Amino acid sequence: MSQHLPGWIDPHIHLFALREGQYHWLKPSNMPFWPDKSAIAKNTAENDLFRAARGQLAGFVHIEAGFDNQKPWREIAFLERHCTLPFRSVACIDLTENHVGSHIDKLKTYSSVRGLRHILDDDAGTLLRRPNVQWGLRHMAARGLGFDAQFDLADIYAVRALLYVLEREPTLRIVVNHCAVAPLSTAHLAFKMWRNNLRCLAETGQVAFKFSGLEMQERNWQWPRASFVLNTLLETVEISQLMFASNYPLCRWRMPYEKLWQGYLDITAPLSDEQKTALFSLNAKHWYDFV
């Protein structure tokens with residue numbers, strides 16, 4: 001990468017152990033019906049990730065990947081047995097399930113777990129208003145665990161619901177996945193809403209954002225757009241609330257893993273070394289409690 005960046009922390013990767021786990025979403029007969037799903041539906045181990053980084057990866061955060069959504073601790077136990085690099089994990093949680101409290105308590109006992117994720121997507125506004133979901137988030141915060149939120153940041157209904165939760169739970173920490181998936185048209189009202197919602201969430205001091213996931217919106221995304229979105233983020237929220245991430249192995253739809261991180265370095269050329277360190281490693285270490 002650079003003499004100023006001897007290694008990076010990647011706070012959003014997925015490893016797949018197809019013989020051990022279920023991964024229903026990766027099967028061709030199940031949603032999502034992506035025509036290129038077969039390119040990622042294969043065993044992906046820590047060694048594959050390290051080789052793809054050409055040995056420059058200093059650590060990572062594993063985000064739940066559908067190993068076993070009914071018993072999410074099975075995925076964590078597998079990771080803790082097999083991973084040797086410094087890592088933290090974000091486990092699956094079903095916030096609508098009756099045993100959510102006991103599941104949170106069990107997941108808290110694993111040394112790598114720093115957060116939980118229930119993919120909100122289009123249901124974010126409705127789910128975040130449900131009393132049982134709010135209870136689960138409150139219980140999560142009480143156990144010292146954060147929440148990885150994945151939803152459309154241009155959705156004002158969802159953002160207002162999340163702001164309500166954050167106001168009532170001042171110790172809850174949220175990391176928003178894939179905030180680089182901004183509305184494509186910068187002239188559209190949705191882009192202005194996206195930016196305003198970023199600002200509102202950031203002002204709570206409880207929320208951080210991952211610059212990742214561009215391939216989820218547009219497989220053939222281009223660096224000038226990525227640079228524009230990053231600059232918008234840097235103008236809108238504190239740099240301490242931003243972190244680069246890859247969404248590996250899905251990022252490989254667009255380009256090789258190391259090339260992605262080299263591109264991140266290229267678009268941050270105007271920034272200081274301290275700012276780059278924050279984006280590439282320091283902020284991930286802080287928000288996911290690397291010690």
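Helices and strands here are DSSP runs, numbered from the N terminus. The model shown in these close-ups is a predicted one.

**View 1. Ala41 sits in the loop between E1 and helix H1 (46–52).** Leaving out residues up to four places away in sequence, Ala41 touches Leu18 and Leu26. Look for Pro249 as well: 208 residues separate it from Ala41 in sequence, yet the two C-alpha atoms are 9.4 Å apart.

View 2. With a relative accessibility of 3%, Thr44 counts as buried. Its side chain reaches back to the backbone oxygen of Lys42 at 3.0 Å. Not counting residues up to four places away in sequence, Thr44 touches His14, Leu15, Phe16, Tyr248 and Pro249.

**View 3. Eight strands line up in an open sheet with parallel pairing.** Reading across, the order is E1-E2-E3-E4-E5-E6-E7-E8. The edges belong to E1 (8–13) and E8, each of which pairs on one side only. Ignoring direction, neighbouring strands of this sheet are turned by 25° against each other on average.

**View 4. Strand E3 (residues 87–92) is mostly covered, with six of its six residues buried.** On one side, E3 pairs in the parallel sense with E2 (residues 57–63) over four bridges; here Phe87 of E3 is the bridge partner of Phe60. The pairing of E3 with E4 is also parallel and uses four bridges, and in E4 it is Val113 that partners Ser89. Now follow the connections. E2, helix H2 (residues 73–82) and E3 form a right-handed β-α-β unit. The chain then crosses from E3 through helix H3 (residues 100–108) to E4, in a right-handed β-α-β crossover.

**View 5. E4 (residues 113–117) and E5 (residues 146–149) run parallel and are joined by three bridges.** To find your way around this pair, pick out Arg117, whose bridge partner in E5 is Asp148.

**View 6. Strand E7 (residues 207–211) is mostly covered, and five of its five residues are buried.** Val207, Phe209 and Phe211 point one way from E7, while Ala208 and Lys210 point the other way. E7 pairs in the parallel sense with E6 (residues 174–176) over three bridges, with Val207 as the bridge partner of Ile174. Three bridges also link E7 to E8 (residues 242–244), again in the parallel sense, and Leu242 of E8 is the bridge partner of Phe209. E6, helix H7 (residues 189–202) and E7 make a right-handed β-α-β unit.

**View 7. Phe209 belongs to the largest nonpolar core, which has 79 residues.** Leu153, Phe209 and Phe211 touch the most other members of this core. Setting aside neighbours within four places in sequence, the contacts of Phe209 include Leu153, Val176, Cys179, Leu198 and Leu201. Also among them are Ala202, Val237, Gln241, Leu242 and Met243. A second, separate core has eleven residues, including Ile63, Ala208, Ala284 and Tyr288. In soluble globular proteins, nonpolar side chains tend to be buried together.

Terms used
Residues numbered from 1 in each chain as written. Predicted model: local features only at pLDDT ≥ 70, side-chain atom pairs only at ≥ 80, totals over all residues. Heavy atoms only, no water. Buried < 20%, exposed > 50% of the residue type's maximum accessible area, 1.4 Å probe, protein only. Helix = DSSP H or I, 4+ residues; strand = E, 2+ residues; numbered from the N terminus. Pairing = 2+ DSSP bridges. Right-handed = clockwise from strand over helix to strand, strands pointing away. Axes fitted to C-alpha atoms, helices over the stretch in contact; angles between N-to-C directions. Core = buried A, V, L, I, M, F, W, Y, C linked by side-chain atoms within 4.5 Å. Contact = heavy atoms within 4.5 Å. Polar contact = N/O pair within 3.5 Å; in protein donor to acceptor, adjacent residues only side chain to side chain.
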